Amino acid sequence: MLTVTVVGLFAAGPGPRDRVAELEGQLRCPVCKSVSIAESPSETAVAMRRSVAEQVAAGRSDAEILQYFEARYGEWVLLDPPAQGRGVWLLVLPAVVAIGGVVLVLTRARRSPDVPELSDDDRDRVAAALADARIRRHPDEDDEP
């Protein structure tokens, strides 16, 4: 019985009030400009919320309701406008830069540095310096008093 109820709730989808609240959260208030009509106390937002509720009750789809407000106020009324035109670059550019950076780091890491070969004189000097350092670090025990 519980399974049937749970499946029925998920299959039914959102109710009219849920749809109204979701749509109100997607529309920008023309007066406040930084908040949705769901959060705005302005008279314009109240009228827009009323219009959303009426259109949901009339059976209009979410897309139709959003298009209605977009036609009246312009695309900026949508808090999450569709990615198109120059806006696509704002979404794609960070990913392209990140991938380019990873490729650059990987190619530089794979390249072996060009280390010149040491000459025989340089090798002799290094060997002498190492021998001198070992002697200083571990002097013979015979030298101690």
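Me: What makes the largest nonpolar core a core, and which residues have the most contacts inside it?
Reply: A nonpolar core is a set of buried Ala, Val, Leu, Ile, Met, Phe, Trp, Tyr and Cys residues joined through side-chain atoms within 4.5 Å. The largest one has 14 residues, and Leu 27, Ile 37, Val 52 and Phe 69 have the most contacts inside it. At least two residues each come from α2 (16-26), α3 (43-57) and α4 (62-73); α3 gives the most, with four. Helices are DSSP runs (H or I, at least four residues), numbered from the N terminus. The model is predicted: local features need pLDDT of at least 70, side-chain atom pairs count only at pLDDT 80 or more, and totals for chains, interfaces and linings use all residues. Residues are numbered from 1 along each chain as its sequence is written, and side-chain values use heavy atoms, with hydrogens and water left out.

Me: Why is Ser 51 called buried?
Reply: Buried means under 20% relative accessible area (exposed is over 50%, partly exposed in between; 1.4 Å probe, protein chains only). Ser 51 has 14% relative accessibility, and therefore counts as buried. Ser 51 belongs to helix α3. Leaving aside neighbours within four places in sequence, Ser 51 is in contact (heavy atoms within 4.5 Å) with Tyr 68 and Phe 69.

Me: How do you know which residues of α3 meet α4?
Reply: By that contact cut-off, heavy atoms within 4.5 Å, Thr 44, Met 48, Ser 51, Val 52, Gln 55 and Val 56 in α3 meet Ile 65, Tyr 68, Phe 69 and Tyr 73 in α4.
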